Amino acid sequence: MIYVIKSNKLQLVEQENDELPIIAYLTMEELNAHTNIPELVKIICNSNQAQYKNSVDDYDGFTFGIINVIDICNVYNEKDRIAFLIMKNRFYFIELKDENRSVFNIFETVTKAYLGNAEFEKIIALLLEMLLQNGYEVIEDIDKKISIMESSVVEERASSKLNRGIFALKDQLSILKNYYQQLEEIGLYLQENENDLFDENKLKHFKHFANKSNRLYDACVAKQEDLIHLREALDAMLDYQLNNIMKLFTVITAIFLPLTLIVGWYGMNFANMPELEWEYGYMFVIGISVVVVFGCLYYFRKRKLI
């Protein structure tokens, strides 16, 4: 799929025009058959190097980059991979792996949306910016989940199982953070315009893309800090609950300790123990036990230990 930019309008054409800026989408078959693509680009796209992290580099007369595209809504889905080649007035969006046609949809969405307001640098920046789509919505969803977790901690309804939810969000944010950071680096790199492939007055589009990536990166960092504070609050709540349980056990032990002493004392059965022959001995020991229990309860209540 090839578009030329003529009078700030995108026009779909069947073959490239050397006199007009070009925005093109290439599959691997089209890439390998293309005669104007540098051989180094074909070698890299067909090698395992395309499976590594996002990158962009300047070569003699062109800039080439690879992006492993994550599904922002589900970061554990299998990644798509795209490459991009920028030459003077030439931009090629290269499909390396696109199982669900998401990469093609990105290209189609941007080209259709800007048919009548097209600039070479703007279209490139918008295509890259589409890789950030749904970023703020995902951050908002994570923020809601954190708020629900915080409420459960404040209301002391949380348990140690909440740790699993915290670690899951932390892992998700870590993947998103790295992704946004790498995209920001690509935006800053293009903004430097080392190969002088862009109009200096149009570099603002790459700056906007880099700034948006940076804002999403900062949002991920902020949410990670929220999770750290949430984890600390959860640990404090669990410690508090444990202390309450230990305090209850201590109170119960303190109440039954004198009762145990009474049982042990009167369980000795010495011949000269007067209470053994006393008619009211049994009721007397029961009375002492009741007085001890209520006395202990009154004492602990007064001390606000129960």
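This is a predicted model: local features need pLDDT of at least 70, side-chain atom pairs count only at pLDDT 80 or more; totals for chains, interfaces and linings use all residues.
## Overall form

Let's start with the whole chain. The protein's secondary structure consists of nine helices and seven strands. Its radius of gyration is 35 Å, whereas the globule rule gives 19 Å for 306 residues, so the protein is more spread out than a compact globule. The C-alpha trace spans about 120 × 35 × 30 Å along the principal axes.

Of the 306 residues, 41% are buried. If we take the contacts between residues at least 6 apart in sequence, 61% of them join residues at least 24 apart.

## Surface and charge

The protein exposes about 17800 Å², and 54% of that area comes from carbon and sulfur atoms. On the charge side, you will find 31 positive and 44 negative side chains. The centres of these two sets lie 6 Å apart.

## Helix α6 and what follows

Helix α6 covers residues 162-192 and makes a handy check on geometry.

Helix α7 runs over residues 204-266 and includes Lys247. His205 also has its place in helix α7. With a relative accessible area of 16%, His205 counts as buried, because the cut-off for that class is under 20%. Beyond its neighbours within four places in sequence, His205 is in contact with Glu119, Glu121, Lys122 and Ala125.

Lys247, by contrast, is partly exposed, at a relative accessible area of 34%. From Lys247 to Ile288 there are 41 residues in sequence, and their C-alpha atoms are 25 Å apart in space.

Most residues other than glycine have a negative phi.

Asn89 sits in the loop between β6 (80-87) and β7 (90-97). Although Asn89 is not a glycine, its phi is positive, at about 60°. Asn89 is partly exposed, with 33% relative accessible area.

Asn134 belongs to the loop between α4 (120-129) and α5 (135-154). Its phi is near 75°, again a positive value in a residue other than glycine. Asn134 counts as partly exposed, at 34% relative accessibility.

Technical notes: Residues are numbered from 1 along each chain as its sequence is written. Side-chain values use heavy atoms; hydrogens and water are left out. Helices (H or I, at least four residues) and strands (E, at least two) are DSSP runs, numbered from the N terminus. The radius of gyration is taken over C-alpha atoms; the globule rule is 2.2 Å times the number of residues to the power 0.38. Buried means under 20% relative accessible area, exposed over 50%, partly exposed in between (1.4 Å probe, protein chains only). Contact means heavy atoms within 4.5 Å. Accessible areas come from the Shrake-Rupley method with a 1.4 Å probe; for residues, only the protein chains shown count as cover. Lys and Arg count as positive and Asp and Glu as negative; His and the chain ends are not counted. The place of a charge is taken as NZ of Lys, CZ of Arg, CG of Asp or CD of Glu. The expected span of a helix is 1.5 Å times one less than its number of residues.
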